[in-house]
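Thanks, everyone. Please have a look at the model first.

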Amino acid sequence: MKKLIIINGPNLNLLGTREPEIYGSLSFTEFLDEVKGKYPNVDIDYYQSNVEGELINKIQEVGFSYDGIILNAAAYTHTSVAIGDAINAIKTPVVEVHISNTFSREEFRHTSYISPNAKGVILGFGLQSYELAIQSFI
Ligand code: DQA
């Protein structure tokens, strides 16, 4: 059984209530239950933190044993050299995802410290971006 983890960064714990016109009105746990039901043969873990160092700790913890990491580093995508370095330091491939199309938004969202070190990038498909990332690993 493939072992994947979805790692969500800051403010993504508020999905469903946060700027629903951009991020939709479904909470992440509702979405995750739905997706887990669709892929019963994949072990999908979930971790969310608003703290940069905690995200790095989790990436290091899973990065030598899991088959894939699906990472939405949220705003840290655009600022965190340290998360970019963590991805280079591990063995598990990382697929970067974003709910919104960051390229159709503000200029500062056009930069990613994750993308150069990711296996691939999926963005702009709403929560379906995560599902497409799961499919990329199976
Ligand atoms: C996001 C895009 C980021 O620019 C933003 O800071 C987020 C969410 C997305 O999934 O669309 O928090 O990563």
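How many aromatic pairs does a search of the whole structure find? The search finds four aromatic pairs. Keep in mind that this is a predicted model.

Let me start with Phe 28 and Tyr 46. Their rings are stacked, at 4.8 Å centre to centre with 25° between the planes. The angle falls in the stacked class because planes under 30 degrees apart count as stacked. Phe 28 belongs to helix α2, residues 28–38, and Tyr 46 to strand β2, residues 42–48, so this pair ties together parts that are 18 residues apart in sequence. As for accessibility, Phe 28 has a relative accessible area of 4% and is buried, whereas Tyr 46, with 28%, is partly exposed.

Tyr 130 lies in helix α5, residues 128–137, and Phe 28 in helix α2, so here the pair ties together parts that are 102 residues apart in sequence. Both Phe 28 and Tyr 130 are buried.

Now put the rings together. Phe 28, Phe 31, Tyr 46 and Tyr 130 are linked by ring pairs into a cluster.

On to another ring, Tyr 47. Which residue lies over the face of Tyr 47? That is Lys 58, at 4.9 Å from the ring centre.

Back to helix α2, where we also find Leu 32. Is Leu 32 buried or exposed? Leu 32 is buried, and its relative accessible area is 5%. Leaving aside residues up to four places away in sequence, Leu 32 touches Ile 6, Ile 44 and Tyr 46. Tyr 46 is also the stacked partner of Phe 28. For a sense of distance, take Leu 32 and His 78: they are 46 residues apart in sequence, and C-alpha to C-alpha they are 25 Å apart in space.

Last, the cavities. The count comes to one cavity of 30 Å³ or more. The largest cavity has a volume of about 130 Å³. What lines the largest cavity? Its lining has 13 residues, and Tyr 23, Asn 72, Ala 74, His 98 and Arg 105 lie nearest its centre. By residue class, the lining of the largest cavity divides into five nonpolar, five polar and three charged.

Technical notes
Residues numbered from 1 in each chain as written. Predicted model: local features only at pLDDT ≥ 70, side-chain atom pairs only at ≥ 80, totals over all residues. Heavy atoms only, no water. 1 Å grid on protein atoms, 1.4 Å probe; cavity = no way out; pocket = protein on both sides within 12 Å on 5 of 7 lines; lining within 4 Å. Points joined across faces, edges and corners; volume = space filled by probe spheres on them. Nonpolar A, V, L, I, M, F, W, Y, C, P; charged D, E, K, R; others polar. Phe/Tyr/Trp six-rings, centres within 6.5 Å; stacked < 30°, edge-to-face > 60°. Helix = DSSP H or I, 4+ residues; strand = E, 2+ residues; numbered from the N terminus. Buried < 20%, exposed > 50% of the residue type's maximum accessible area, 1.4 Å probe, protein only. Lys NZ or Arg CZ within 6 Å of the ring centre and 35° of its normal. Contact = heavy atoms within 4.5 Å.
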